Each structure stands twice: as structure tokens, then as C-alpha cells.
Amino acid sequence: MHGAGGPPQGVGRARARCNDARVGRRMPSGVARDALAAGLAGAACSALPSTAWALLRGDDVLEGARAVGVMVLPHERRTPVLLITAGTVHLGISLAWSAVIAAVLPRRAEPGWGVAGALAIAALDLAVIGRRIPAIRALPQGRQWADHVAYGLTVGLVLRARRSG
């Protein structure tokens, strides 16, 4: 029970522990700008491997984007709606992961560590989450892993360039 207007018992101590652990702290503005730049570049470049491979084989280059759209809107079949949805989701996820990567990536060997991080993300996205989603599971998996590597490499290269300049 707590007094009138006061927090429940123990909440003040919990907040102090969170502050001590730096939970909820803002990302420094330089890191946030780096993450934004890296995430935008990563989002733009991440589909290059699967798109190039699809073009070479004569496959549907929009298959992956439709799969992401269907993941969010499972009953939708209109390609324009699925592409807008997929683009929004893809950009949001790319920016979120770039913020994580920018915050934790060591200052040396950013491209290599970016690829390593992207492989961990791919394991989560494709092997853990994606296998439960039929539209994602149906995609050629090698291409999807290559797209993740392209994302991580791009994010790492942008971070290295921004940090060294």
C-alpha cells in the first residue's frame, strides 16, 4: 500500500536501481546520428544480394517484400499495399538494429563486427522467428542471409567512415 500521491512501496528504490544501471538513458546524439545514417544506408543496400540473384535467375524481385507485407497484413494480397507496408517495416527494423549496432559495435573493425552482428540478427530473424511465418519460411534462405550480411557490412562501413571523419 502507498500513501496519498506517493509511489508504491519499493518503487523509488527500483527507479534508483534502474538509474544506477543506466537503463532508459538516452543515446548520445552523435551515436544517434551515426545510427540513423548507417540504418538508412543499410536499409537501402540490404536487398541488393537477393534482388541481383532474382534478376539473374528471372525470379520475382518483389517476393521478399511481399512476404514482409503479408507478415504484418496476413489477409492482404494487393501488391502496392504489401510493398508500402514492407517498406515501412523494413525501414523501422533497419533503423532499430542500426541503433543497437552503433551503440555496441567496437570502434575497430566495424565492417567485420557489423557482419557478425548481422549474422546474429539473421539467426534471430530467419531461424527463430521466420521459420514460424510461412511467407518468410518460403523465401530462398541463402538470399535472405546474404541480405543480412549486406546490411551488416553497410552499417559497419558507414559507422567506420563516420567515426573516423
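Reader: Quick one to start: is Arg-78 buried or exposed?

Author: Arg-78 is exposed, at a relative accessible area of 52%. Buried is under 20% relative accessible area, exposed over 50%, and partly exposed in between (1.4 Å probe, protein chains only). Keep in mind that this is a predicted model, where local features need pLDDT of at least 70, side-chain atom pairs count only at pLDDT 80 or more, and totals for chains, interfaces and linings use all residues. Residues are numbered from 1 along each chain as its sequence is written, and side-chain values use heavy atoms, with hydrogens and water left out.

Reader: Which residue does Arg-78 form a salt bridge with?

Author: Glu-76, with the closest N and O atoms 2.6 Å apart. A salt bridge here is a side-chain nitrogen of Lys or Arg within 4 Å of a carboxyl oxygen of Asp or Glu. Glu-76 is buried, with a relative accessible area of 16%.

Reader: And how many salt bridges does the structure hold?

Author: Six. One of them pairs Asp-59 with Arg-143, at 2.7 Å between the closest N and O atoms. Asp-59 sits in the loop between H3 and helix H4 (63–72) and Arg-143 in helix H8, so the pair ties together parts 84 residues apart in sequence. Helices are DSSP runs (H or I, at least four residues), numbered from the N terminus.

Reader: Is Arg-143 buried or exposed?

Author: Buried, at 13% relative accessibility, whereas Asp-59 is partly exposed at 29%.

Reader: Switching topic, where is Ala-109?

Author: Ala-109 lies in the loop between helix H5 (79–104) and helix H6 (110–129). Its phi is near 60°, a positive value in a residue other than glycine.

Note on methods. Helix = DSSP H or I, 4+ residues; strand = E, 2+ residues; numbered from the N terminus.
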